[in-house]
Amino acid sequence: MRQIVQFDEHIRQEVAAIECKWEVIANEIFNIYHQKFITFNEDLIIEVIRIQKGKKAAQEDLFRPNYESFLEIGVENGDEYYPNAYIPIWKCKQEMFQKVGYLTRRTISDVGKMLHEMMKEMLEERAENGERYE
């Protein structure tokens, strides 16, 4: 994670652009793999989450202390949710007397590759456990 101590409009736009790109890749990967998880009676969840102090936040809040955004990967089976991965994008913290931000160094290409690998591993685990995989 890259540490940011000077908050300006350029950083705001950079963080917002990264979050948006991650949303796009999350949707692309979801569209490729969600049908395969349905064969296991599971709903695939891949989404960018924005929270502040544990509550849903808007992208406009990204410079507020305790704001964080991350990509969450998991599955729902009935009423149960099973998280599988949490990949941080941005976190804004109040440290001592100044705000400090932490921004991912992962490229969109890195994230795409990582998500493909995760999906393959998750599907292989289900197949190894004797569940039906097509």
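Trainee: Which residues touch the most other members of the largest nonpolar core?

Mentor: This is a predicted model. Its largest nonpolar core has 34 residues, and Trp22, Phe37, Ile46, Leu71, Ile73, Trp90 and Met119 touch the most other members.

Trainee: Which elements each supply at least two residues of this core?

Mentor: They are H1, strand S2 (43-52), S4, strand S5 (80-95) and H2. H1 gives the most, with 10 residues.

Trainee: What does methionine 119 touch?

Mentor: Leave aside residues up to four places away in sequence. Methionine 119 then touches Ile29, Tyr33, Phe37, Leu44, Ile46 and Ile73.

Trainee: How are two packed helices described?

Mentor: By the angle between their axes and the distance between the axes. Take helix H1 (residues 9-38) and helix H2 (residues 108-128) here. They pack at about 20 degrees, with axes 10 Å apart. Angles under 35 degrees count as roughly parallel, so H1 and H2 are roughly parallel to each other. H1 passes H2 in a right-handed crossing.

Trainee: Which residues make the contact?

Mentor: On H1, they include Trp22, Ile25 and Phe37. On H2, Leu115, Met119 and Leu123 are among them. The contact residues divide into 12 nonpolar, 2 polar and 4 charged.

Trainee: Now a loop residue. Is aspartate 61 buried or exposed?

Mentor: Buried means under 20% relative accessible area. Aspartate 61 counts as buried because its relative accessibility is 17%. Aspartate 61 lies in the loop between strand S3 (55-56) and strand S4 (67-77). Not counting residues up to four places away in sequence, aspartate 61 touches Gln52 and Tyr67.

Trainee: How many residues apart in sequence are aspartate 61 and arginine 12?

Mentor: They are 49 residues apart in sequence and 9.9 Å apart in space, C-alpha to C-alpha.

Technical notes:
Residues numbered from 1 in each chain as written. Predicted model: local features only at pLDDT ≥ 70, side-chain atom pairs only at ≥ 80, totals over all residues. Heavy atoms only, no water. Helix = DSSP H or I, 4+ residues; strand = E, 2+ residues; numbered from the N terminus. Buried < 20%, exposed > 50% of the residue type's maximum accessible area, 1.4 Å probe, protein only. Contact = heavy atoms within 4.5 Å. Axes fitted to C-alpha atoms, helices over the stretch in contact; angles between N-to-C directions. Parallel < 35°, antiparallel > 145°, perpendicular 65-115°, else oblique. Left-handed = near helix turned anticlockwise from the far one by under 90°. Nonpolar A, V, L, I, M, F, W, Y, C, P; charged D, E, K, R; others polar. Core = buried A, V, L, I, M, F, W, Y, C linked by side-chain atoms within 4.5 Å.
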